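Subject: Structure handover

Hello,

Here is the structure for you to look over. My notes on what was found follow below it.

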Amino acid sequence: MIGPGLVVAATGVGAGDLVATTVAGSRYGYTLLWAAVVGCLIKVALAEATGRWHLSTGRTILDGWRTMGRWTTWYFGIYIVVWGFVYGATAMSASALPLVSLFPDGPSLRVWGILSGTAGLACVWFNRYAIVEKIMMVFTGIMFVVVVSLAIRVGPDVAAMGAGLWPTLPDGSVVYTLGLIGGVGGTITLASYGYWVTAKGWTTVRWMPMMRLDNRVAYATTGVFVIAMMVIGAELLHSAEVAITTGDRGLLDLGEVLDARFGSITADFFLIGFFAASFSSVIGVWHGVSLLFADFVAHARPALAGPEALAGDREHSLPFRAYLLWLTFPPMALLFLDQPIGLVITYGVLGSFFMPFLALTLLWLLNTGRTPLSWRNGWLSNLVLAASGVLFLILCVQQIRDLPW
């Protein structure tokens, strides 16, 4: 009965999020557990707002942005092109890392990355949303079983977990805590949620209760992932004062720790979960962001969109398939080269603006005459969207400051 929420949650929660929560557990124990939970609640509000816009208005989020002026089209058009090029290489590398560790005598990182990207392309190119959703369910199930099983294996301190739900800020942790809140499953794929809702067949307000149930179940699942990874960090790393590197490679460090403590079978089990988390993001982005791009072209350049996109059949449209190819093949060049510094900076600047852009534009759209009166924001939605907009603006400034200018 449900599905789009799990797709958007599994897509948004990649290897980087798992590392961030594990590192939080290794540095601060359970102290920042509350921040990870708050991060999930913020994503519930953002995804619900996106789904509510689609169902209550019968219009896409791109439609809504265009009513706010041409600047939104220019920003989003540049962003989605640059983001896709850099993210394609990042996602393929993240999927390749656990495969290299699982098969040390097999192909190189670059070859596994190319194979992962090509496999993601094939999954989306030859299947419609219903099949993509089922594939994502399988990977979500693998992630869930692996992460929760390991958390149980290392043995959570239930009393400390309960204490960690009380908001506390350790010395020097403010920026880190804000990043943890803002980073749990927060990507451009949140904007894809409304398109997946429509692809599921939920197209009118009578589906609103189902969409909300779907969204809550999905981010409850995300919350379990986050808590389980924090348990692993707190119990396995914090108590032993073991540090892991940030970024996707931090999960390889964790695999080595698991190997040393529990043996190679447990470590390989974890690497399978690592691959499931990374490759689910490949499939989700390849499908969801391609839907966004197809809708963008249909609005910005109708003459180039083709009859399928204009008729609403985005999955068979020329822009959808063109963006799939853009995500897959040009980024392969970055697997052989260090990312050019100018591209890194452009990607960082544009990307840091997206989450505040999404939160604040939803706040505007859902409080004006663009949305039917009965489906506009209540006080709680306004509070969460406004607070998340401010949070993401702070993170935006911090991310831009941290770029290698």
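A salt bridge here is a side-chain nitrogen of Lys or Arg within 4 Å of a carboxyl oxygen of Asp or Glu. The model is predicted, so local features need pLDDT of at least 70 and side-chain atom pairs count only at pLDDT 80 or more, while totals for chains, interfaces and linings use all residues. Residues are numbered from 1 along each chain as its sequence is written, and side-chain values use heavy atoms, with hydrogens and water left out.

Salt bridges

The structure holds seven salt bridges. One of them joins Lys 134 to Glu 133, with the closest N and O atoms 3.6 Å apart. Glu 133 also forms a salt bridge with Lys 200, where that distance is 3.0 Å. This second pair links distant parts of the chain: Glu 133 is in helix α7, and Lys 200 is in the loop between α10 (189–199) and α11 (208–238), 67 residues apart. Helices are DSSP runs of H or I, at least four residues long, numbered from the N terminus.

Glu 133 is buried, at 3% relative accessible area, whereas Lys 134 is partly exposed at 48%. Buried means under 20%, exposed over 50%, and partly exposed in between (1.4 Å probe, protein chains only).

Core

The largest nonpolar core has 127 residues, and Phe 76 is among those with the most contacts inside it. Such a core is a set of buried Ala, Val, Leu, Ile, Met, Phe, Trp, Tyr and Cys residues joined through side-chain atoms within 4.5 Å.

Regards

Note on methods:
Helices (H or I, at least four residues) and strands (E, at least two) are DSSP runs, numbered from the N terminus.
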